[in-house]
Amino acid sequence: MPTEEKPLQFADVNNDIVRSLVVTGRNYYITLGIAMFVALACFFFPWFYQLYYGIGAAGMNHPTVWGTYLASFIFWIGLSHSGTLLSCVLHITNSEWRKAMYRSAEAMTLFSLLVAATMVMVHVGRPWFIHWAAPYPNQMGLWPNFKSPLLFDVMAITTYLTGSLIFIYMGSIPDFAAVRDRTSGWRRHLYVLLSLGWRGTDTEWHRLGWAYTFLAVLIIPLAVSVHSIVSWDFAMSLVPGLHQTIFAPYFVVGAIYSGTAGIVTVMFVLRKYMNFEHLITQLHFDNLGKLLLFLSLLWTYINMLELFTGWYSGTSAEYEQIKYKLTGFYAPLYWEMILFCAVAPLLMFSTKFRTSFVPMLVLSIAINIGMYTERFLIIATTLSRQYLPDAWGVYVPSLVEISILVGSLAVFVTLFLIFVKIFPSVSIYEVKETMPQPRKREANLES
Amino acid sequence: MSSNALGLFGDPVSALAAAGTLKDAGFARPELMSPIPIHGVEEVLGPKKSVIRRFTLFGAIFGGLGGFALAAGTAVLYVHPTGGRPVITFPPFLIITYEMTILFGILATVLGFLISARFPAIRERVYAPETAVDKFAVTVTCDNEDTFSRAAAILRAAGAEEVRNIREGE
Amino acid sequence: MNFIDRFVAGWAKYRKPGYYEDFDYAWTMTIDLDRCSGCGACVTACQAENNIPIVGEEELRKGREMQWIRIERYWEGEYPNAKLKFIPMLCQHCDAAPCETVCPVSATYHNQDGLNTQIYNRCIGTRSCAVYCPYEVRYFNYYDHHWDAPLEQQLNPDVTVREKGVMEKCTFCVQRIRQAKDHAKDDGRRRLRDGDVQPACVQSCPTEALNFGDRKDSSSKVYRSMHDPRAYHVLEELNTLPSVVYLKKVETHAD
């Protein structure tokens, strides 16, 4: 092939990506094995135990009927928020630096959504009837209650899952085609199917560009609506501390915040272990750092507002709520959250910090720990201090809950590890677009 | 039985120029194949209109109407009085409407994409695997050997590194 | 098509705030705190009538006790001058119930008697109704509960035993209301008379602090009682329009 006499810049990208799919080291199998084992032992086993004996295996009690399962649900939905949302926003605003990272960010969206949907199954008391929450004609003539914020959730998450799946898939079609031409065996069959027969003609590019942009435009309001709706699960109740109009923007900002931190973590791992050093650079960490810093400030502001509106309401229930949050049983967790999510991110004012990889990794993990705490506190502090003091109570997660929380992380990692071997985890064609284009050279005229 | 002339180029600019020359020489609309989207195709080969936008619009409208109909219709189908609210309540049903608008907008966009870009391909089509890496190809359908050699000459003159004759059909 | 006709014809009716049709009854309970001695007979009667599981020590310590009606105790002041106040708390059968709108599967709704009902078969156990209820009177079955022999023989055959993962709460003894309606029909009456039906708690109250009846019937005892100047709703500011009316305890010496 005449390609060999070229500087091979474009081909390098193909080689790198195909190598990341086809060449699998021992470390990968070991990691996958551990992740799958942890997922089985810490997620599925306790879940089956809980299914068999009843939800009492978790630590929930009478006033605090929601617990870590729902906190995990919000957490995973939140984590899903930066992937596709960020990717869409950056696509529409034509940001070049998006291109090396968006595929893995979108995958993060997809898998965290899957884990979140599973958390709903873990959360409900009778998951074997969960399909009743879906609108389908049935012999009972019964339909779900469309006035319920929980049903908004069902619709929103279904739509979001469908949209994210389609978005990541559509952006990958040209890459599937590129990989298709380079692989053999079962992989080739898979990619032949997945690439739909993509050839890269000008018509195909044109249609893809349009469809992709339309999807991006549709998904941005969708993603914003998804987390607003999740927040309404809480804000539409009468519980002091939850019944607040600020909840929708609060949740959306929190979601994008933790999601962006999640992207930093994932990018670090990809860069380190998939050898994408020249694709994922300091520039990406710098830009993500700026975004994170902005989001952390916004998040801090909303947190202060939340306290302010509670105080300004002047009702005893809200006062009690604030007092309990700041000084009560869960206060250490609250201050930990403030430290991780409001104080520590201020380090990112320094450019040096933003462009160093390991500190950014540590910070991104700290932020997500803080954000998980936030979701836990939203549920635990409010539900245990409601209107009637007689029904106050403290909730402590049980071993089963903690195990399932750890296990859900392993489920996510497992899914992600399988993903990086099937999907080209960096977009081949969009990276090529950012590279210097091939120029016309007179020497090539002879044929 | 038709044959296709396929010229491989090392850069998008000369590929685009070759396509323009072919079109001016009276060939059917040439097709470009490239590893990345080429800018300025429309200026050379004439504007393209995509039907996807219509799919998206009608999909979204259908989804919106359908979403409201789903929420309001099922509420009437089996009345469950709840919370002192009317059976048909706008604020919650509008959220369902919103989500369904987006869902069907997305699904229709995909359908529009598949139809307008002729996917999935069932038959083999003219293709050069190099175009997925770093080559830019121009293909044009030729009825007979004469037109093929004419097209090949144009492609070579425009700087093609290689010209292939790809037979389609049987 | 039949359905579309129904939809169009019923539009105005279905858009009506409140309930789209008037209910046959508006069952109401009044609780006279002046008479209530806090003895807990209602709690026991309810437990026996409605097959409420005894969760056991372990579960109780976790705070998972089940009492569809409970006596809430509040201490006022410090030890030498401490005063105990109590109030029976049960499902308020709110007309604008927050718990009803949140259920994704409509497992809880308002029935034609104006009762806030819970359909155990339909419940999928999201527990959101318990969060939305400001009175904290919804109880969740964290496990399948057992009655050791021979206790299972005292289960009320008119009431189901709930399985794990299901929410439950006070029904105003809907089985008794249903039965009384059947008897009324047998006697050729169209409506129940005042006093035809009494939930277990009302029946067992030794001081007659609890009163139950239809507030649509202006001659009923409950109607008179709920128009007492001492009448109030718990957490009235939340505007849930409860069907349980409390009569304030009158302090004889205020200090």
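## Helix 7 of chain C

The face of helix 7 of chain C turned away from its buried side carries two exposed residues, C:D182 and C:D186. Helices (H or I, at least four residues) and strands (E, at least two) are DSSP runs, numbered from the N terminus. This is a predicted model: local features need pLDDT of at least 70, side-chain atom pairs count only at pLDDT 80 or more, and totals for chains, interfaces and linings use all residues. Residues are numbered from 1 along each chain as its sequence is written, while chains are lettered from A and ligands numbered from 1 in the order in which they are written.

The buried residues of this helix are C:V174, C:R176 and C:I177. Seen down the axis of helix 7 of chain C, they fall within an arc of 155 degrees, so they line one face of the helix. The arc is that of the directions from the helix axis to the C-beta atoms. Strand 5 (116-118) of chain C is included in what covers them.

How far apart are the end C-alpha atoms of helix 7 of chain C? They are 18 Å apart, which agrees with the 18 Å that its 13 residues (174-186) should span at 1.5 Å a residue. The expected span is 1.5 Å times one less than the number of residues. C:G188 follows the helix, with a positive phi near 80 degrees.

## The sheet of chain C

Four strands of chain C form an open sheet in the order 8-1-10-9, with mixed pairing. Strand 8 (210-214) and strand 9 (231-232) of chain C are the edge strands, each pairing on one side only. Two strands pair if DSSP finds at least two bridges between them.

Strand 1 (residues 27-32) of chain C is joined to strand 8 of chain C by five bridges, and the two run antiparallel. C:W27 stands opposite C:D214 in strand 8.

## Chain A against chain B

Contact joins 57 residues of chain A with 61 residues of chain B. Two residues are in contact if their C-beta atoms, placed from the backbone, lie within 7 Å. On the chain A side, helix 1 (9-22), helix 5 (149-180), helix 7 (202-235) and helix 15 (428-434) of chain A give two or more residues. Helix 7 of chain A gives the largest share, 17 residues. By class, this side has 28 nonpolar, 17 polar and 12 charged residues. Ala, Val, Leu, Ile, Met, Phe, Trp, Tyr, Cys and Pro count as nonpolar, Asp, Glu, Lys and Arg as charged, and the others, Gly among them, as polar.

A:I428 is found in helix 15 of chain A. With 26 C-beta neighbours inside 10 Å, A:I428 counts as buried. Beyond residues up to four places away in sequence, A:I428 touches A:V13, A:N14, A:I17, A:D175 and A:A178.

## Chain C against chain A

Here 35 residues of chain C are in contact with 35 residues of chain A. Strand 2 (69-76), helix 5 (98-102) and helix 6 (128-132) of chain C each supply at least two residues of the chain C side. The largest share, four residues, comes from helix 6 of chain C.

## Domains of chain B

Chain B is divided into domain 1 (3-49 + 123-167) and domain 2 (52-116). These bounds come from an automatic or database domain assignment. The C-alpha centres of the two domains of chain B lie 45 Å apart.

Note on methods:
A residue is buried if 20 or more other C-beta atoms lie within 10 Å of its own, exposed if 12 or fewer, and partly exposed in between; C-beta atoms are placed from the backbone.
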